[in-house]
Structures are given as C-alpha cells and as structure tokens.
Amino acid sequence: MSLTTGPAAPQAAAVDKSPHGGGKAGRKRRANRSLSKHNLTGWLFSTPFLVLFGVFMLFPIVATLLMSFTDFGARNVTRPLEAEFVGLDNYTRLFQDDKFLKALFNTGYFVVVGVPATIVLGLLAAILLNNGIHRARTLFRVGFYAPVVTTIVAVAVVWRFVLDPSDGLIASLASEVGLTAPDFLGSETWAMPSLIAMAVWRNLGTVMVLCIAGLQAIPTDVREAARLDGAGAWQELRGITIPLLRPTLLYATVITTIGYLNVFEEPFVMTQGGPSDSTLTVSLDMYREGFNFFHMGYASAMAYVLFVVIMGITVLQLRLLKDNTR
Amino acid sequence: MNRATATGSIALTLASALTLTACGGSGGAGVAADAKQTLTVWAMGTEGEKLGDVAEEYEKTHSNLTVKVTPIGWDVAHQKLVAAAAAGKLPDVVQMGGSYLGEFADMGVLEPVDSKTIHETDYFPAAWQQGSYDGKTYGAPWYVDTRVLFYRTDLAKKAGIEKAPATMADLQSAAEAYQKKAGSKWGLSIQPGGLDTVQSFYQFLYSAGGAIIDDDGKAAVNSAAAVKALENYGSYFDKGLSEKSVRPGYDVTKDFNTGAVPMFFGGPWLTNLIDENYPDLKDKWAVAPVPADAASVSMAGGSSLAISADSDHKAAAKELVAYLTGEKGQTDWFERTNDLPANTAAWTSGDLADDPTMQVWRQQMDTARATPSQPKLTEITSKVDTAIESVTQGKSSAKEALDKAQSEIEGLVQ
C-alpha cells in the first residue's frame, strides 16, 4: 500500500507546484460542485474492489487485531464469543518467548544478508544483460526470470537434490575435487545460508527485470557526456547509472525487504524450521502457533508485531533512499 | 503476502465461527435410519480413496441411502476439519486421526458413541482409548497402526546376527554389528529431530515403562524410565549408529533397499511399499516385535470414526459406523487396504490369523500404548520433539531436556 504513495507523491507535489491552470482555488471550487456526482460514479466503479477488499482484507485485519487481545483458542472455534480479553498479555508473552525471539533473529538474518545480495546480483545481471551480452540476450533474461514464476514446491524438490549431502550436485562436485561438502540443510550453521542462496536465486529475476527497465530509461546523452569527460566504466556506474537508477532500486529494495520479512515458503518446504529451529522464521512460527496449536490470539499478536516491523522498516527505507536530487 | 494469507485464513475461521452463532444449530429430531437420505462421510488419505468402493457396496444393501464419501488429504485435513467444525458443517461421519479426537471432542462437535452397538471389549485397548476423551467415547475404532522393527535378514547373516534383537541391548549390539561387519553406513534409522520425532521415540519410551502422560492424566515425561529411554535413544547418535540429520520427507525404504540403513521402526503400510518398489528385496528382510526393555511396547496409532453432533442422520450414520467397525466390515476393509483391523474378532480368520508376519503386528498391537486424547496433544508432543532433538544433537543431557519438557507440558495437560 505504501509502495504506491512512494512514486506517486512526487508527481502530485509537482502538479501542485505547477503555475498554470488557474491555481489551487479554482480547481477546488470546480471539484466541489461536481463532487457528489463524481463520487457516486467513482464509488460505483470501485465497488468490486471495495467489496473484495472489505471482505478479504479489512475485515480480517480488524478481526486479527481484536483477536490479538484475546486468548482465542481451539475451544473458541465453536464458541467465539467466549474468548477472553487478556489485554496486552499476548504481546508481553511474545517478548519472553525464546522461540519467537529466535524466529525474529532468523528473519533478521535472512533480510540483512538476503536483501543486499538480491539487489546487488539483480542489478549486476541487469547491467550485464543490458550492455555486455548481445547474443542470446532473451535466453538469459528468461533464464534469470524463470525461477520467479516457478512454483516453490518444484523448486524445493530440485534444490533438495542439489543440496543433498550424499548424492547431491554440490556434494558430488566437491568430492570430485577431494572436498567434503557440508550437510547443507541438516546443519544449523549451513541451513540458513542455503535458504538465503535459494531465495536470492528465486527473487533475483524480479530485481533484474525492474533494473533493466530502469536502465533503458537512462538517457544515452548523459552517458555520452560522461564518457567524453573521460569517465571509466566504474565511474560511469557510480556517477551515472546508480544515481539515475535510484527510484528503481528503492522500489526493488522495498518490495524485496517486505517479501523477505514475510519469508515462509522456503523454510516451510525445505527444512520445516529445523534443525533446532535454526531456520524458524516469524511467519512460520506464526503459522505453527495458529494452525498447529490453534493459539489464534497469540498468532494474531505475532502477525501484528511483524506488521509493525515491516511498516517501520519500509518507512525508514523510503526516507533514507528518497531521491533528494529533485 | 504470506502474512496476509495467514491473517485471511485466521479471520475466515473467525468469520465462519460468527456465522454459526448467528444461525444457531441446525437441531431437529433427525431422520429415521430407514428413511431416504444422503450420508456424508469424510475420510483422509488412502482411506478416503478406498472408502468410496465400500460405500457403493453398502448402498446396494441399503437402498434408501446415498453415501457420499469425500477424500481429504492428510496435509489439509486438520484445517479443513477445524473450519468445518467452526461453521457447523461437519459431515455426518468423519474419520478422526488419533491426535485429533481430543481436540474435537473438547469443542463439543462430536456425538458420543452408542454403547449398545459398539462394545469396548471388541477392540484393542489402545484403539478404544484413542477414541475416548475425558471418560466418554466419541470415536468407534476403525483401524489401528503400530510400529515394529524392520530388519535386513541377508545383511544380518553377514553381520553374524542369528535372530532378531529381542532386547534393547541386543538392538544396539545388532546395530554395531551391521555397521562393523556388514558394511552398513548406519546401524538403525531413528529420527534425530523435527516434527513428530516423538513417533520414533515412543518405542523406546514405552518399552522402558515411561510415558508422556501417565494413567492418571498427569505429565510424566521426566520419570526415571523416560530419562533412561532418552539416554538410550541418544546413545545411537553419540556412537554414530544413527544419522544426526535427516531431511524433511526422508524416505527410509530407499536406504533400506541399498543397505545403508539395515534396521528401522516402521508402520504396516511399509510392507506393501517395500514389496512394490523393491521387488528384489523380497526374502531379504523381515519384521520383528520391538525389542524389549522392561517390556516390548510400541506406539498405537490409527483412526476412529466419529459422528457429528449436529448431524440430522445420526440413526443411519450409527448403522454405517457399526458396519465399518464390525467384524465383517473390518475383514473386508483389511482385504481392500491392508489397514490393521481395530476389531479383534477380524483377526480370527484368513491371513490375519495365519500369516506369521501378521502375528508380529497382532502381538505388538495387544500391548501397544496410545497417548491419551488431549485437546493440546500436538503441542504437547512438539515439546517432546524439541527435548529429543536437543539430546540427539548433543546440546543437553536427557534429564535436563526432559525436565524442561515436563515443566512446559504440565501447563498444557487438561
């Protein structure tokens, strides 16, 4: 939701500052006159969205908030109104729950390592495909983007083969050169990096596609000017490409971060949170509490903690990476 | 994205729950057994697929009935049942996995079993116990499941093992012999950690005379017997006899075939699986009762059939359940599925009475133990899973791990 306000906000500001068109006051008057009529049509056109949004988003969001202050459990499934109000109890308990804190740490680990890796590699792939590689460019683009559209279950099966410690691809390659590969998914040290590697590979395509679009929007005359002034490839990248790609990178970073903070599928299908909870993420912990143990109140509180974290980080990113050049 | 999905599902459950209270129960006196009606039945996994054939046969003798069987995958079964219970839309007859029963009985959505048609003495004690919660029986035992020792007889010869290990001490020396003399990579396959590790541990726990919840319904997971059992379990990992890390979805039969794993504890469905997938392995393996410690006690699993408390077709549903759990229905069911009958009368004829392999299962089932039905059973066993994992990974002693589990479980037992 906050994503759309990012790119849209500067535009709106630009419109407001524009001198022509009779100024603010004139527009306001006109808007007022036809407000109700416009609104009616507008509301009618948005009904399908509003109904779906209300039923599948707004109601659940509010219900979850309410539930997070109750001890809603399995018994309350048939008697929902008997759930007791427990105030902030769920929230205080969360921060004394070792498992949740571990999940929070693991999620942090996943984001801190995964997001920069995805962005850097995605950008690299985009630059290479945009400039360096001319033959079979489409093939490469499809190749990098294919993991994004492949279902996670299929991906998990393949990666399990690749990472298998006894007859997996990596283990076999390692034994060819006389090394022993670690048991990637079975070791507490290696399980998380393995999942991160898989997530980076899976999400790199999205970042790449965004960056290619961004790169093609950079005017060639700017680059030409830089080259005439004697800029090398590295200087061009630092001085031209990255600054002009900033809005794209911001957007890519924000969606990747949100996606990674919600990470669920990778540990769910690959490790089930193990070994010894080393890949247990907040979403997975929430799923377990909610659907395996039926602590709906507690799981809802978790959902809200995660929501606040995501909100906070997103706002922070939008602030920090905002385009200050305009 | 995923958070939204989860939130959505949480709220949908609540929404349907609210709808239920608004509409109230469907109530009513119900329809007589011989009236024209449709019975809805939900069954899981293989049972769900095969029950449809039985339903067709049943319809032939009960022309007033249409029996509609809906198969449900085990992976989604729990969520589906919870959502249906919340909405008051449970089918007339539903298959209840052993671990579900306590939870649903506690919600008050199941009808107690009719003691006039279903008698406790007809079934294995452990099977009956799984259908009971809080002094009442809600599920008629349908089929049972237990674990016995599967072992490679050809490799046993090489290792100098003459007969199946009879005691826990024998089991460990057999594992060592397999590894040293027969060249097996591992000695015994037991689960080191993760979800449902407890199912692998039950054989050690119960045989040592321990339990998670004792007969008085109190948490007892740190008893001396349980600590001893977990020390024994952990020693297989310390000595390198069992693999310390096992991937989710690990298929033991593959390693059993190659000989990397010469022994494991498995359920009845594996017999067919091994025969079908590895025909070359025929006559190279056998089953034996769980090696004895204080006694030879295995875990009991399986499913029972319950009738929904809201059902309008209770009379006809009771007749169907009585048929399925009676001797004739049980024998027929065994022929179709190889599920072990819960009704002991079914074991008196045919293969069930004559086949020596079946006698191993029978013998194990007589003493097998079920975990008492508890509404929070999944959560309770997950605490034991964690305790086992910390021992197999060498992070804590058996005593410490079980003391911790005990204190957590005490708060969950009802």
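Tutor: In chain B, the domain assignment (bounds from an automatic or database assignment) gives domain 1 as 2-145 + 302-362 and domain 2 as 148-298 + 376-410. The model is predicted, and local features need pLDDT of at least 70, side-chain atom pairs count only at pLDDT 80 or more, and totals for chains, interfaces and linings use all residues. Residues are numbered from 1 along each chain as its sequence is written, while chains are lettered from A and ligands numbered from 1 in the order in which they are written.

Taken over C-alpha atoms, the centres of domain 1 and domain 2 of chain B are separated by 30 Å. Where the two touch, eight residues of domain 1 of chain B are in contact with nine residues of domain 2 of chain B (contact: C-beta atoms, placed from the backbone, within 7 Å). On the domain 1 side of chain B, the largest share, three residues, comes from α15(B) (helices are DSSP runs of H or I of at least four residues, strands runs of E of at least two, numbered from the N terminus). By class, that side of domain 1 of chain B holds three nonpolar, four polar and one charged residue (nonpolar: Ala, Val, Leu, Ile, Met, Phe, Trp, Tyr, Cys and Pro; charged: Asp, Glu, Lys and Arg; polar: the others, Gly among them).

Helix α15 of chain B therefore deserves a description of its own: with twelve residues (356-367), it should span 16 Å at 1.5 Å a residue, and its end C-alpha atoms are 18 Å apart, which agrees (the expected span being 1.5 Å times one less than the number of residues). The buried residues of α15(B) are B:Met358, B:Trp361, B:Gln364 and B:Met365 (buried: 20 or more other C-beta atoms within 10 Å; exposed: 12 or fewer; partly exposed: in between; C-beta atoms placed from the backbone). Because they cover an arc of only 125° around the axis, these residues lie on the same side of α15(B) (the arc is that of the directions from the helix axis to the C-beta atoms). An α-helix has 3.6 residues a turn, so residues three or four places apart point the same way. As for what they meet, the buried residues of α15(B) pack against the strands β7 (139-146), β8 (148-152), β11 (300-308) and β12 (340-341), and against the helix α14 (350-354), of chain B.
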